[in-house]
Amino acid sequence: MLTKSSTELVRQRNSVLVLSVLRRHGALAHTEISDSTGLSSATISAITAELEKAQIIEKSEHQPASGRGRPRVLLRQRRDCGYLIVVIISSDAVQYSLVDYAGKLIDRFGEERSHDPAGAARFVAAVRAGLLRILDRSKISQEKVLLISISSKGLVNSTEPVLVWSPIFGSDQIDFESALRPEWQAKVILDNETLLVAAALGAREEMAKGADFRSLAALSLGHSIGLGIVRRGNQTGQEISAPNFGHMLHMANGGLCRCGTRGCIEAYAGFYAILRSAFEVPLDTIPAKFVPVAELDKIAAKARQGHRVPAFAFRQAGLALGNGLSRMLSLTERMPIAITGPGTRYYDLLRQGIEEGLGQSHIVRMEGMPEIRVVADEQILVFEGHLNRALSVIDEDIVLSGVQGIQASAIIQESG
């Protein structure tokens with residue numbers, strides 16, 4: 001026999017399921033929601049009535065294409081239920097996006113990031129100003145923002161929005177939740193950027209292949225080197241991780257890395273490493289914080305023209321990446337590898353080294369070279385990953401807060 005608390009948990013779980021189906025498929029009719037969730041018609045009626053009353057979803061009528069018959073009644077998220085702000089921190093810029101509850105982009109702008117070596121506090125102040133600016137541009141009040149989703153390269157705390165280490169600020173940690181309180185009451189989450197890329201690619205793969213999807217790795221090439229791994233889960237959806245791939249050991253006592261240690265994969269494959277190698281600078285030279293893509297383009301042009309040293313620099317970078325990937329595959333399983341990031345523009349120069357490094361793995365020699373694909377527009381994937389994760393978090397929070405909390409929030413937003 002179900003207790004009151006277990007009945008409530010089932011109701012909450014089913015409500016989240018209904019919202020997730022609407023996220024995945026868009027506006028649906030009552031029967032389509034029932035078919036997609038496997039829930040009974042009566043259950044769907046009770047859940048959707050509750051969500052509609054709380055102004056979380058809304059109905060809309062659509063006339064049949066033939067123009068005859070009764071209009072179809074579709075259910076969808078109510079766009080003004082609340083808002084999400086996405087903050088993407090990259091090596092040279094910060095991008096702010098304002099998104100409504102239905103996942104529609106309302107506004108976006110970017111700001112160049114200063115390369116102040118002691119600028120963590122100044123950076124946080126700039127982020128606070130950027131958040132206020134994007135709301136002011138659309139005349140939306142802070143109270144209507146349900147969540148702020150932030151991403152960066154580097155190491156992030158698994159349970160709190162704390163940037164533990166980053167190529168930008170090193171070991172100067174940033175606690176974004178503390179930094180934004182009490183001015184902001186919205187929930188704050190932080191993710192590794194390449195994890196979001198892997199999550200977006202995994203969602204695309206599962207949509208295309210269904211149950212045939214098993215796993216995939218996303219390798220991000222640029223100023224930093226990142227890796228995300230996504231696997232098909234059992235009952236809990238996909239399992240996504242972002243191991244500290246760029247700072248795995250490639251060569252003992254090797255080149256100096258931005259993290260302060262020697263011999264990391266990134267110390268051979270990051271943009272600063274390729275620059276250092278192409279100009280035959282000593283490996284213990286302190287790495288550049290930021291290397292313009294235009295400088296790498298010049299080195300790549302020489303490599304493509306047959307200049308030996310620039311070509312060797314890219315081949316060595318590819319070899320470090322391939323060696324690292326071979327270790328990853330040995331510890332996990334053979335899986336497709338999607339290469340993303342600004343470094344994809346040099347894949348023709350990296351390919352030989354990557355394949356050579358992969359070929360040194362026993363699993364690759366036994367089972368063959370994994371599928372390698374190039375996915376050029378990483379920023380779209382990062383944004384997709386933000387939306388998938390952040391909107392799911394919002395849906396769960398809305399349901400877990402209970403109907404009374406939802407209704408109170410709706411009343412506050414209406415009065416706002």
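Rings of Phe, Tyr and Trp (its six-membered ring) count as a pair if their centres lie within 6.5 Å. In this predicted model, ring pairs join Phe271, Phe314 and Tyr346 into a cluster.

| Pair | Centre-to-centre distance | Angle between planes | Class |
|---|---|---|---|
| Phe271 and Tyr346 | 5.9 Å | 70 degrees | edge-to-face |
| Phe314 and Tyr346 | 5.5 Å | 45 degrees | tilted |

The pair of Phe271 and Tyr346 links distant parts of the chain, 75 residues apart: Phe271 belongs to helix H8 (residues 271–278), and Tyr346 to the loop between strand E15 (337–340) and helix H11 (347–358). Phe314 lies in helix H10 (residues 308–331), so its pairing with Tyr346 ties together parts that are 32 residues apart in sequence. Phe271 is buried, with a relative accessible area of 2%; Tyr346 is buried, also with 2%; and Phe314 is buried, with 1%.

The fold as a whole comprises 14 helices and 16 strands. Its radius of gyration is 24 Å, close to the 22 Å that the globule rule gives for 416 residues, so the protein is as compact as a globular protein of that length. Along the principal axes, the C-alpha atoms fill a box of roughly 70 × 50 × 50 Å. Of the 416 residues, 48% count as buried. Among contacts with a separation of 6 or more, 61% are between residues 24 or more positions apart.

The protein exposes about 19900 Å², of which carbon and sulfur atoms supply 52%. The mean positions of its 46 positive and 45 negative charges are 2 Å apart.

How values were computed. Residues numbered from 1 in each chain as written. Predicted model: local features only at pLDDT ≥ 70, side-chain atom pairs only at ≥ 80, totals over all residues. Heavy atoms only, no water. Helix = DSSP H or I, 4+ residues; strand = E, 2+ residues; numbered from the N terminus. Rg over C-alpha atoms; globule rule 2.2 N^0.38 Å. Buried < 20%, exposed > 50% of the residue type's maximum accessible area, 1.4 Å probe, protein only. Contact = heavy atoms within 4.5 Å. Areas by Shrake-Rupley, 256 points an atom, 1.4 Å probe, with all protein chains shown as cover. Lys, Arg positive; Asp, Glu negative; His and termini not counted. Charge placed at Lys NZ, Arg CZ, Asp CG, Glu CD. Phe/Tyr/Trp six-rings, centres within 6.5 Å; stacked < 30°, edge-to-face > 60°.
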